[in-house]
Amino acid sequence: MFVLYLIIGVLLAGLGGAFPGASNIAVISAAAKGRQRQGQQIAYGAGLGEISLAFLALSYSMFVADFLNMNPWVKVLFVGVFLTVGTLFLFKQQLPKRKKKSKTSSSFSTRLLQGYLLAAINPPVLLFWLVAVALVNNNYVELSAMLDLSSLVFFFFGVFLGKVGILMIYGSTGKRLASKETKKRSKICMHTLIGIALIGIAVVQALRLWLI
């Protein structure tokens with residue numbers, strides 16, 4: 001039974017992480033710049049953030065759903081932020097260049113926190129978890145915070161593995177892009193892809209918000 005919860009965690013986290021999100025983009029960007037280790041550390045933080053979303057879905061599914069339904073401005077804010085950031089990425093190459101100052105590489109804890117926040121502060125993925133938990137509960141096995149500790153540990157470990165695994169796949173895509181393009185062209189390509197992905201996420205969420 002423990003293995004079943006592990007598999008459920010892997011599958012749900014993998015499915016939720018398959019769609020482009022902020023953590024996916026950060027890992028791709030790091031890999032495209034040749035910073036695979038930094039991308040892995042961001043992925044580990046994102047795995048922990050995904051566990052937080054899964055825990056919220058298990059514990060407060062009704063409360064969170066009611067809060068989002070009663071406060072649509074949260075969804076609007078999410079759409080606005082992603083649309084703005086995506087536009088900035090698209091037009092970044094047209095902005096005047098600044099002299100780069102030497103930067104010290106961020107620490108492991110900083111990248112871990114970055115990955116955690118990118119994954120945890122993600123209303124659409126939280127909604128995915130709320131729906132996924134409800135479907136599993138209604139059709140397959142019990143999935144709630146009332147499970148025994150061992151089952152919860154296996155489930156959350158599966159969530160971590162699923163999220164990190166899908167991000168590693170995204171990271172390998174970024175690495176291949178970097179190897180096929182020159183450094184300059186790769187950077188332009190990645191900024192364009194990131195911008196399009198962010199704007200796409202914003203558009204999809206806007207359609208869900210106002211048309212569904």
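Q: Which residues have the most contacts inside the largest nonpolar core?
A: In soluble globular proteins, nonpolar side chains tend to be buried together. In this predicted model, the largest nonpolar core has 22 residues, and Leu-12, Leu-58, Trp-129, Leu-143 and Phe-155 have the most contacts inside it. Helices α1, α3, α6 (123-139) and α7 each supply at least two residues of this core. The largest share comes from α6, with seven residues.

Q: What does Leu-12 touch, leaving aside residues up to four places away in sequence?
A: Leu-12 touches Phe-128, Trp-129, Ala-132, Val-136, Leu-143 and Phe-155. A second, separate core has 11 residues, including Val-27, Ile-42, Ala-43 and Leu-167.

Q: How many residues of helix α2 are buried?
A: An α-helix has 3.6 residues a turn, so residues three or four places apart point the same way. Helix α2, residues 22-32, is mostly covered, with 11 of its 11 residues buried. Gly-34, which follows α2, has a positive phi, near 80°.

Q: How many salt bridges does a search of the whole structure find?
A: Side chains of opposite charge can pair when their charged atoms come close. The search of the whole structure finds one salt bridge. Lys-163 forms a salt bridge with Glu-50, and their closest N and O atoms are 3.6 Å apart. Lys-163 lies in helix α7 (residues 149-180) and Glu-50 in helix α3 (residues 36-70), so the pair ties together parts that are 113 residues apart in sequence.

Q: Why does Lys-163 count as buried, and why does Glu-50 count as buried?
A: The cut-off for a buried residue is under 20% relative accessible area. Lys-163 counts as buried because its relative accessibility is 4%. Glu-50 counts as buried because its relative accessibility is 1%.

Q: How many aromatic pairs are there?
A: A ring pair is read from the distance between ring centres and the angle between planes, with planes under 30 degrees apart counted as stacked and over 60 as edge-to-face. The count comes to five aromatic pairs. The rings of Phe-2 and Phe-154 have centres 5.3 Å apart and planes at 15°, so this pair is stacked. Phe-2 lies in helix α1 (residues 2-17) and Phe-154 in helix α7, so the pair ties together parts that are 152 residues apart in sequence. Phe-2 is partly exposed at 36% relative accessibility, and Phe-154 is partly exposed at 32%.

Q: Why is the pair of Phe-128 and Trp-129 edge-to-face?
A: Their ring centres are 5.9 Å apart and their planes stand at 70°, so the pair is edge-to-face. Phe-128 is partly exposed, with a relative accessible area of 22%, whereas Trp-129 is buried, with 0%. Ring pairs link Phe-55, Phe-128, Trp-129, Phe-155 and Phe-156 into a cluster.

Q: What is the secondary structure of the chain, and what percentage of its residues are buried?
A: The chain has eight helices and zero strands. Buried residues make up 40% of its 212 residues. Among contacts between residues at least 6 apart in sequence, 90% join residues at least 24 apart. The chain exposes about 12600 Å², of which carbon and sulfur atoms supply 69%.

Conventions. Residues are numbered from 1 along each chain as its sequence is written. Side-chain values use heavy atoms; hydrogens and water are left out. Buried means under 20% relative accessible area, exposed over 50%, partly exposed in between (1.4 Å probe, protein chains only). Helices (H or I, at least four residues) and strands (E, at least two) are DSSP runs, numbered from the N terminus. A salt bridge is a side-chain nitrogen of Lys or Arg within 4 Å of a carboxyl oxygen of Asp or Glu. Rings of Phe, Tyr and Trp (its six-membered ring) pair if their centres lie within 6.5 Å; planes under 30 degrees apart count as stacked, over 60 as edge-to-face and the rest as tilted. A nonpolar core is a set of buried Ala, Val, Leu, Ile, Met, Phe, Trp, Tyr and Cys residues joined through side-chain atoms within 4.5 Å. Contact means heavy atoms within 4.5 Å. Accessible areas come from the Shrake-Rupley method with a 1.4 Å probe; for residues, only the protein chains shown count as cover.
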